[in-house]
Amino acid sequence: MAREATADVGLIGLAVMGQNLALNLADHGYRVAVFNRTTEVMKHFVATEKPPGGLVGCETVQELVASLARPRKVILLVKAGPAVDEVTKELIEAGMEPDDIVVDCGNSLWTDTIRREKEYAGRCKFFGSGVSGGEVGARFGPSLMPGGDPDSWKHLEPIWKAIAAKVDEKTGRPIESYAPGKPVVGGVPCTTYLGPNGAGHYVKMVHNGIEYIDMQLIAEAYTLLTNLLGMKPPELSEVFDRWNDGDLDSYLIQITRDIFAQHDPVHQEGYLVDYVLDAAGQKGTGKWTSVNALDMGIPASSIAEAVFARCMSALKEERVVASKHLDGPRRAHDERRDELVAAIRDALYCSKICAYAQGFELMREGEKEYGWSFDFAAIAGIFRGGCIIRARFLQKIMEAYSRDNGLVNLLLDPYFGDQIQKGQRSWRKVVALAATTGIAAPAFMSALAYYDGYRSERLPANLLQAQRDYFGAHTYERTDAPRGTFFHLDWTAPGRPQVEIRRP
Ligand code: 2AM
């Protein structure tokens with residue numbers, strides 16, 4: 001039975017993220033047609049929730065398509081991977097037209113989004129949008145990273161701006177409301193059109209890569225505070241609370257503070273964090289970011305290190321065995337408590353700046369590789385609210401790129417250069433202390449190595465090139481010859497080097 005076109009937007013996939021995004025849309029007055037593969041889930045949702053804009057429960061994809069005003073806009077929140085193609089094809093068969101828009105809001109690989117846009121062209125507009133902020137973000141305002149056909153964006157823009165998180169225009173601080181049916185009024189929305197095809201999903205992926213390293217750095221600060229100073233959860237909670245009142249102010253620091261304050265709900269005494277098994281899982285976006293960095297030759301080493309740190313943690317059984325066999329140094333030091341806490345804070349902050357420098361450098365290469373044209377200030381701007389990496393210092397990153405969108409690396413911005421200058425003595429002290437006391441702090445260490453590598457006029461890669469030429473005749477450039485002129489020496493019977501001129 002054909003349904004009257006009464007809904008403004010459709011949404012498929014009613015797991016928690018889908019339900020919450022549907023409620024967020026309806027809180028802003030949009031009438032949302034909803035469908036879920038398992039019909040019971042949809043029925044229960046529609047029966048229990050009565051948001052202002054209204055929900056239209058659909059038992060079939062055909063019903064959903066028929067219920068939508070043109071151009072139809074259908075948001076997908078189904079499992080990333082083949083399900084996205086299956087549902088898109090179903091939508092096309094159910095009557096989607098060439099200008100109707102399918103928006104994939106899952107964590108899809110950006111190359112899949114590029115492929116899908118081409119594959120479905122002429123049948124529908126396939127659009128991609130990153131959504132960050134977890135369940136609460138989806139419900140009350142996520143950071144949204146849209147990419148796709150610019151004409152389709154015109155139709156999506158008012159909706160995206162309505163449902164996105166908001167920040168204060170002057171301070172850049174999030175304006176939050178967690179009251180159902182009473183969304184935030186005013187403020188700057190945390191969404192901006194990022195570019196065609198996979199640009200949105202690409203930025204979302206890098207966001208997640210930054211999230212991995214941000215979390216790992218906090219975890220390393222925790223292990224140092226615990227192992228060097230014997231801090232227990234309540235004290236750790238106080239430290240993180242203090243750290244939140246300054247440059248480190250961020251969602252991840254806030255939840256860390258709250259996690260340390262959480263008692264164990266099972267035992268009568270003790271803190272939950274001490275009972276949580278130290279084996280981390282991952283869904284893949286950190287790995288994708290690292291693989292992409294390797295593919296493009298960008299040294300996002302700390303992001304990769306954060307992924308490997310999770311892999312190391314997952315080897316729980318092996319580590320338990322190894323801990324009985326492999327010796328390390330004693331954890332003795334003569335640092336003063338307050339000074340060491342402050343130094344760990346500085347190490348965390350400096351490492352974090354390097355992590356963001358890597359993420360933004362990766363996006364700079366990504367835009368070249370895929371022909372996008374990113375506004376980096378706008379990207380930092382939409383990370384200020386709603387998303388997991390939201391933090392006070394993103395305002396500073398936004399300001400840095402507003403001064404110069406062509407900024408090659410965040411470390412070269414005067415503000416951030418100065419911040420590192422102020423913190424680097426402590427940072428080095430903490431990294432050295434981790435090494436001498438045998439505490440694994442791979443992200444702190446790799447961030448420092450990144451910093452020292454990046455500021456090195458000369459690295460030992462001359463030797464690498466000589467070795468490569470020695471065993472494989474891979475050639476080398478000379479410091480006294482123009483770049484692009486390559487030499488080879490027969491190292492076992494040395495004479496004058498042979499010159500090989502290569503033109504691009
Ligand atoms: P389900 O409730 O029927 O499992 C997250 O997994 C969401 O994606 C759920 O709403 C799930 O529906 C939906 N989903 C996963 N795979 C799907 C598919 N192949 N087709 C339609 N929906 C799918």
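Helices (H or I, at least four residues) and strands (E, at least two) are DSSP runs, numbered from the N terminus. This is a predicted model: local features need pLDDT of at least 70, side-chain atom pairs count only at pLDDT 80 or more, and totals for chains, interfaces and linings use all residues. Residue numbers start from 1 along each chain as its sequence is written, and side-chain values use heavy atoms, with hydrogens and water left out.

**View 1. Asn-24 sits in helix α1 (residues 16-27).** Asn-24 is buried, at a relative accessible area of 2%. Buried means under 20% relative accessible area, exposed over 50%, and partly exposed in between (1.4 Å probe, protein chains only). The Asn-24 side chain reaches the backbone oxygen of Ala-138 at 3.0 Å. Contact means heavy atoms within 4.5 Å. Leaving aside neighbours within four places in sequence, Asn-24 is in contact with Gly-137, Ala-138, Arg-139, Phe-140, Gly-141, Pro-142 and Ile-163.

**View 2. Val-16 also belongs to helix α1.** Val-16 counts as partly exposed, with 41% relative accessibility.

**View 3. A cis peptide bond runs from Arg-70 to Pro-71.** Omega is near -10°. Pro-71 lies in the loop between α3 (61-66) and β4 (73-76). Most residues other than glycine have a negative phi, and most peptide bonds are trans.

**View 4. Ala-473 and Thr-475 carry positive phi values.** Phi is about 50° at Ala-473, which is not a glycine. Phi is near 70° at Thr-475, again a residue other than glycine. Ala-473 is found in the loop between α20 (461-472) and β11 (485-488). Thr-475 has its place in the loop between α20 and β11. Which of the classes, buried or exposed, does Thr-475 fall into? Thr-475 counts as buried, at 2% relative accessibility. Ala-473 counts as partly exposed, at 43%.

**View 5. Ser-426 and Asp-346 are joined through their side chains by a polar contact of 3.1 Å.** A polar contact is a pair of N or O atoms within 3.5 Å; within protein, one must be able to donate a hydrogen and the other to accept it, and residues adjacent in sequence count only if both atoms are side-chain atoms. Ser-426 is placed in helix α18 (residues 414-437). Ser-426 is buried, with a relative accessible area of 17%. Not counting residues up to four places away in sequence, Ser-426 touches Ala-343 and Asp-346.

**View 6. The protein chain holds 20 helices and 12 strands.** Its radius of gyration, 26 Å, is close to the 23 Å that the globule rule gives for 504 residues, so the chain is as compact as a globular protein of that length. The radius is taken over C-alpha atoms, and the rule is 2.2 Å times the number of residues to the power 0.38. The C-alpha trace spans about 85 × 70 × 50 Å along its principal axes. Buried residues make up 51% of the 504 residues. Of the contacts with a separation of 6 or more, 67% come from residues 24 or more positions apart.
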